[in-house]
Amino acid sequence: MSLFSTGEVSKEYGVSVRTLRYYDQIGLLLPSIKSDSGRRMYTKEDLQLLEKITLLKSLSLPLTEIKKIIGEVTIKDILTVQKKDVQTQLDQFYSASEKINTLLHILEIEGELNWEHILSLVQTNEGVKISDKDKNWEKFFSDNERKTLQSSLPKLEDASTAKWVNILKRIEICLRNNSEPTSEEGLLIASDVLLLSHEMFQGDTELEEKFWNARKSEGSSHSLNLYPISNEVLEFLDRAIVSYQTINA
């Protein structure tokens with residue numbers, strides 16, 4: 001029978017001698033052999049138990065809970081749970097990466113960041129899994145519509161996004177100057193938006209209208225994680241488009 005001293009176990013498994021002694025004291029990991037002089041010797045079975053303890057600790061379980069379940073779970077059980085935990089962390093890292101990339105692209109396009117962008121991005125994504133985001137899109141659009149939107153909607157890194165951002169800036173200038181949506185600039189903006197939108201949706205007017213209806217809803221835009229646009233800007237654009245279409249009917 002192979003036996004391992006406390007020092008050997010500590011070196012091999014990266015667990016301090018002090019920790020091994022503490023596990024012994026609380027009855028979590030008892031060495032199979034303990035001499036009268038206090039020398040502890042561990043068997044391979046003891047080391048397998050230590051591996052289980054280490055895995056359970058990696059799941060942030062307290063030692064009191066580990067002690068209760070250590071004899072009831074297998075290595076496979078622990079690894080299955082750990083796999084789910086790792087996947088959750090990967091989803092969180094992916095989400096964080098998405099947020100950072102989005103903010104970087106906004107900064108590159110607009111030259112600055114404001115708290116509306118940052119807070120909207122954080123609040124929309126906080127605690128939301130990638131699969132949950134997909135489900136939000138499923139509520140509004142069919143499979144074919146989602147595929148079309150995935151290929152048609154501009155990404156923040158796309159050159160066409162700058163055109164849309166430029167339109168938003170033009171609307172904001174109109175609002176600052178108290179220009180009406182029916183003004184010459186308002187109608188020009190409406191014309192540009194309709195051209196870009198028609199190009200983006202490739203003539204699919206039904207999907208185009210469906211998307212813009214979702215876009216104009218604050219709640220829908222939020223759940224779909226769309227680029228944050230103020231209600232004031234959306235209202236100006238909506239009125240400008242209605243005026244333009246009325247004039248050119």
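A salt bridge is taken here as a side-chain nitrogen of Lys or Arg within 4 Å of a carboxyl oxygen of Asp or Glu, and the structure holds nine of them. This is a predicted model, in which local features need pLDDT of at least 70 and side-chain atom pairs count only at pLDDT 80 or more, while totals for chains, interfaces and linings use all residues. Residues are numbered from 1 along each chain as its sequence is written, and side-chain values use heavy atoms, with hydrogens and water left out.

**View A. Salt bridge between Asp 24 and Lys 34.** The N to O distance is 2.9 Å, and the pair links helix α2 (residues 17–25) to strand β2 (residues 33–34), ten residues apart. Asp 24 is buried at 8% relative accessible area, whereas Lys 34 is partly exposed at 45% (buried, under 20%; exposed, over 50%; partly exposed, in between; 1.4 Å probe, protein chains only). Helices (H or I, at least four residues) and strands (E, at least two) are DSSP runs, numbered from the N terminus.

**View B. Salt bridge between Lys 210 and Glu 145.** Lys 210 counts as partly exposed at 33% relative accessibility, and Glu 145 as buried at 15%.

**View C. Salt bridge between Glu 180 and Arg 239.** The closest N and O atoms lie 3.3 Å apart, linking the loop between α9 (160–176) and α10 (184–201), where Glu 180 sits, to Arg 239 in helix α13 (residues 231–247). Both are partly exposed, Glu 180 at 42% and Arg 239 at 48%.
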